[in-house]
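Hello,

Here is the structure I promised to pass on to you. Please have a look at it first, and then read on for what was found in it.

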Amino acid sequence: MEITKHEVEKVAKLARLELTESEKAAFAKQLGQILTHVETLKQYDTTGVEPTATVLGQVNVFRPDIARTSLSVERAVANAPESADGFFVVPKIIEDRER
Amino acid sequence: MSIHKLSLYELHEKFTAGEVTAVEIVRAYGLRIGQVEPKVKAYVTQVKDAAVAQATALDNALKGWRKTLPMMGMPLAIKDNICTEGVPTTCASRMLGNFVPPYDATVIAKLRAQGYLLLGKTNLDEFAMGSSTENSAIGPSRNPWNLQCVPGGSSGGSAAAVAADECAAALGSDTGGSIRQPAAFCGVVGLKPTYGRVSRYGLIAFASSLDQIGPITKDVRDAAFLLGAIAGHDPLDSTSTDVPVPDYMKALKRKDLKKLKVGVPVEFFAEGLDPEVEQAVRAAIQELKALGGEIKEIQLPRTDAAVAVYYVIATAEASSNLARYDGVKFGLRAKETKDLLELYMKTRQEGFGPEVKRRIMLGTYVLSAGYYDAYYGKAQAVRTLIRQDFEAAFQDVDLIVTPVTPTPAFKFGAKSDDPLQMYLSDIFTISANLAGVPAISLPCGFSQAGLPIGLQLIGRPFEEETLLRAAYAYEQNTQWRTKKPAVR
């Protein structure tokens with residue numbers, strides 16, 4: 001199965017991955033090989049077969065809606081690359097409106 | 001007495017009897033690690049000073065009386081994708097190079113409550129994606145039996161540390177064989193519990209419907225002992241199952257396989273299986289028969305589909321789980337980016353290694369519009385067929401015996417240029433994850449070149465006791481466990 005460079009670029013954008021030219025070329029070839037192998041699944045008739053969502057019949061689990069202590073703000077942001085006053089800092093998202 | 005040569009359970013008995021102190025244990029392992037670690041490179045992080053402090057506190061607290069909590073004073077190594085509060089947990093990735101978890105995984109909280117001693121965090125393929133530790137961002141670990149060979153993966157550091165006596169036992173995680181394959185390559189015991197038997201809370205997620213934490217140990221008794229210490233329902237993991245935890249040590253009392261039916265799936269002895277591995281596994285099957293097991297040929301007809309199903313489902317789940325690494329809440333952040341999108345794109349470009357990127361790409365592709373039904377939906381349906389194969393087989397037999405790997409440990413670089421070949425080498429271990437059933441890997445011989453060969457036993461859900469009983473009977477009637485690597 002062929003995967004084009006264009007498809008690799010499209011998927012990379014969906015995955016939020018910047019790739020180098022050599023990575024794009026390598027992934028086009030390798031994904032093609034792996035997906036060719038995956039295509040062998042076509043030989044299995046799955047008409048009417050329920051897809052596996054959970055493996056051993058797990059069911060939804062609920063707990064009482066009771067407040068309990070959780071991580072403090074300081075500890076929650078301790079691993080952040082950048083934080084201020086207990087908030088995560090990111091580049092500006094909304095552009096300034098031109099006046 | 002060489003402390004590092006004792007099994008976990010032997011050490012527990014000596015500690016409980018007051019014949020050895022926690023400080024003596026930590027010092028003995030410190031010495032051993034100092035001798036062999038430069039060759040084996042099993043650890044990502046060592047916490048020697050903290051371990052000595054912990055041991056000292058434990059000895060002082062215990063003065064004059066002995067307590068028998070199972071893991072008290074036991075020096076363990078933990079795979080570096082299991083969160084340890086205050087101790088870096090990197091997944092062997094640049095992305096988490098500076099990550100210090102603010103909480104313990106449930107398995108760690110359980111061990112800590114019992115007074116275990118953390119020796120360090122062990123190496124793995126980045127985010128547990130790989131079969132050799134060659135995908136670790138800090139470089140590979142080496143196989144103690146032959147330093148030119150891989151220790152297997154992804155829990156290669158844990159298996160190498162156990163084999164080289166750099167810890168009394170270790171924890172690994174197994175998504176498609178990541179406990180059992182390195183255990184086989186390093187000549188130790190590795191147990192992947194039933195999905196839901198051990199809490200995944202605090203295990204950094206790779207593929208959530210497949211991941212399980214389990215023990216890697218020097219012998220079968222240790223696996224039973226350590227599994228008992230970490231198993232059980234956990235409200236913090238909604239996929240952990242509320243089934244009582246039996247006393248796994250009791251399962252070892254019957255040293256035979258009487259009244260057990262053992263299935264040998266023909267599909268696992270097909271072409272591609274190394275003749276030395278086949279010979280060792282077939283000899284082991286004869287031994288299981290001599291121990292009273294009734295051997296039956298069985299079929300698992302969809303075995304051929306397992307690798308393809310796995311690499312769709314595991315990568316799809318990974319692409320979703322790894323979306324959290326965005327340079328905002330923790331981990332690496334790319335510098336000098338102009339907007340949020342570029343921050344995401346560049347952070348992930350810099351933080352992830354090639355295998356992780358490849359799997360994120362594959363997972364994103366199979367989940368993307370237009371391909372979802374053909375790949376992901378199809379794989380989920382064939383997964384059902386694979387589960388049904390196991391359900392049908394377990395109507396007839398109590399456990400299934402197979403090789404763990406098609407070959408013994410391979411040399412560095414042998415497969416790293418060909419991802420598909422590397423994936424195909426997971427063929428014998430993947431099915432147990434897809435079906436959610438427990439499986440154990442234990443030594444059953446050596447190749448001419450002196451590399452260990454592993455035997456896999458697969459059981460019904462939540463019947464780890466049957467696996468342990470059969471594995472222990474086999475181990476006690478063979479001599480493989482007495483052979484130790486020279487580490488040179």
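Let me begin with one pair of residues: B:Val262 stands opposite B:Ile295, which lies in β8(B). Strand β7 (residues 261-265) of chain B runs parallel to β8(B), and 5 bridges join the two. Helices (H or I, at least four residues) and strands (E, at least two) are DSSP runs, numbered from the N terminus, and two strands pair if DSSP finds at least two bridges between them.

Before going further, a word on the source: this is a predicted model, in which local features need pLDDT of at least 70, side-chain atom pairs count only at pLDDT 80 or more, and totals for chains, interfaces and linings use all residues. Residues are numbered from 1 along each chain as its sequence is written, while chains are lettered from A and ligands numbered from 1 in the order in which they are written.

Both strands belong to an open sheet of 11 strands in chain B with mixed pairing, ordered β1-β3-β2-β4-β6-β5-β10-β11-β9-β7-β8. At its edges stand β1 (43-46) and β8 (294-298) of chain B, each with a single partner strand, so one side of each has no neighbour in the sheet. On average, neighbouring strands of this sheet are turned by 30 degrees against each other, direction ignored.

Now to the meeting of the chains. In all, 54 residues of chain B are in contact with 39 residues of chain A (C-beta atoms, placed from the backbone, within 7 Å). On the chain B side, the largest share, 11 residues, comes from α12(B). By class, that side has 29 nonpolar, 14 polar and 11 charged residues (Ala, Val, Leu, Ile, Met, Phe, Trp, Tyr, Cys and Pro count as nonpolar, Asp, Glu, Lys and Arg as charged, and the others, Gly among them, as polar).

One helix pair bridges the two chains: the axes of α2 (residues 21-38) of chain A and α11 (residues 354-367) of chain B come within 11 Å and cross at roughly 60 degrees (axes are lines fitted to C-alpha atoms, for helices over the stretch in contact, with angles from 0 to 180 degrees between N-to-C directions). Among the residues that meet there are A:Phe27 and A:Leu31 in α2(A), and B:Met361 and B:Leu362 in α11(B). This contact has 6 nonpolar, 1 polar and 3 charged residues.

Lastly, chain B is divided into domain 1 (3-262 + 400-482) and domain 2 (304-380), with bounds from an automatic or database domain assignment. Their centres, taken over C-alpha atoms, are separated by 27 Å.

Best wishes

Notes. Contact = placed C-beta atoms within 7 Å.
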